Amino acid sequence: MLDGYGRQINYLRLSVTELCNLRCRYCMPAEGVCKKSHGDMLTQEEMIRAVEAAAALGVSKLRITGGEPLIKKNILSICEQAAAVNGIQEVCMTTNGILLPHYTKPLKSAGVSRINISLDTLNPEKYAHITRIGTLSQALDGLHAALDAGFDKIKLNTVLIGGFNDDEIVSMAQLTKQYPIDVRFIELMPMGHGDEFTPGAFIPCRTVLEQLPDAVPQSHNGGAARLYRLPGAQGNIGLLSPVSAHFCAGCNRIRLTADGKLKPCLHSREEFSVKGLSLEEMIIQFRQAILSKPACHGELSHTSRSQAGRNMNQIGG
Ligand code: SAM
């Protein structure tokens, strides 16, 4: 389906939970999130119905996210049923990787073909600091498990934080030489708990290129990231710059939160509820949400905060 600006919307990001086993400082409060009542969240049946509604309007790619999707008890069954929906051609997952060693094989069997792992640092102390409760070795075990299981095009997502990990840009990028993975640097978005960082913590993606003079631009594959490659590397460096150079003109996505709200744009407050609806009613809501997608996410800058009205864990990054 085309939105009001002629963009084809074929990508749904489905958040299956707001809860997480980490507490990343830019994403969540230290105490975690207030668990909402069961009745306020989408049931598995409703999630699958929503995927069917999206597929009926032309969505073919699904990303399962959260919160942390792998802490959801019925995650394998959700993936399996979502992958079986007519029209869904690709099911991917974004995870912090902590639980991946237990899940790679069953996820593959359930139809998940691609995995993105979030990793902001290779330093154990810094990892414990930024995640508040995480252990770096567990995340790295997750990466190795995904590699061993043979997932296609594994991506590491690294949020750039000035004064925290800008001294690790080169070492993170070197991982593309060591492993057949892409490393993607993402600008810190001023939203939710991202706000507690000083404006100085925001560093634009061009900083990455300044530190990687050998990086060679790759032809654009239509995704949101600008791609580069280091000589001899097995994977690409991706730059995602939602703040300094937004990629809204090519936006092909719509998001569904775990409490059943369709978000036409990550940084807009507008939401359309699908909780409790029939398939036909959901299709109407999806259509409305797609037609309500704004041309771009407006005033977002490193000093002007997101209007999303939620933390990332409540939207699905
Ligand atoms: N728990 C999973 C994970 O860690 O990948 C999935 C959910 S997490 C919200 C998805 C992504 O959002 C992560 O890569 C995280 O780094 C990113 N994220 C969260 N808050 C952000 C912010 N303020 N700016 C940029 N990226 C953010």
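Which of the 18 residues around the ligand come nearest? They are Y26, G67, E68, S118 and M189, where a residue counts as near a molecule if one of its heavy atoms lies within 4 Å of it. The model is predicted: local features need pLDDT of at least 70 and side-chain atom pairs count only at pLDDT 80 or more, while totals for chains, interfaces and linings use all residues. Residues are numbered from 1 along each chain as its sequence is written, and side-chain values use heavy atoms, with hydrogens and water left out.

View 1. A polar backbone atom of G67 lies 2.9 Å from a nitrogen atom of the ligand. In the side chain of E68, an N or O atom is 3.0 Å from a nitrogen atom of the ligand. An oxygen atom of the ligand is 3.3 Å from a backbone N or O atom of T95. Of the 550 Å² of accessible area that the ligand has on its own, the protein covers 95% (Shrake-Rupley method, 1.4 Å probe).

**View 2. Residue N96.** N96 is placed in the loop between β3 and α3; helices (H or I, at least four residues) and strands (E, at least two) are DSSP runs, numbered from the N terminus. N96 is buried, with a relative accessible area of 7%; buried means under 20%, exposed over 50%, and partly exposed in between (1.4 Å probe, protein chains only). The side chains of N96 and N21 are joined by a polar contact of 2.8 Å. The side chain of N96 also reaches the backbone nitrogen of I98 at 3.0 Å.

**View 3. Residue L70.** The loop between β2 (61–65) and α2 (75–83) holds L70, which is buried at a relative accessible area of 1%. Contact means heavy atoms within 4.5 Å. Beyond its neighbours within four places in sequence, L70 is in contact with residues including I75, M93, T95 and L107.

**View 4. Helix α5.** The 13 residues of α5 (residues 136–148) should span 18 Å at 1.5 Å a residue, and the end C-alpha atoms are 18 Å apart, which agrees; the expected span is 1.5 Å times one less than the number of residues. Among the buried residues of α5 are L136, A139 and L143. Just after α5, G150 takes a positive phi of about 80°.

Definitions and conventions. Polar contact = N/O pair within 3.5 Å; in protein donor to acceptor, adjacent residues only side chain to side chain.
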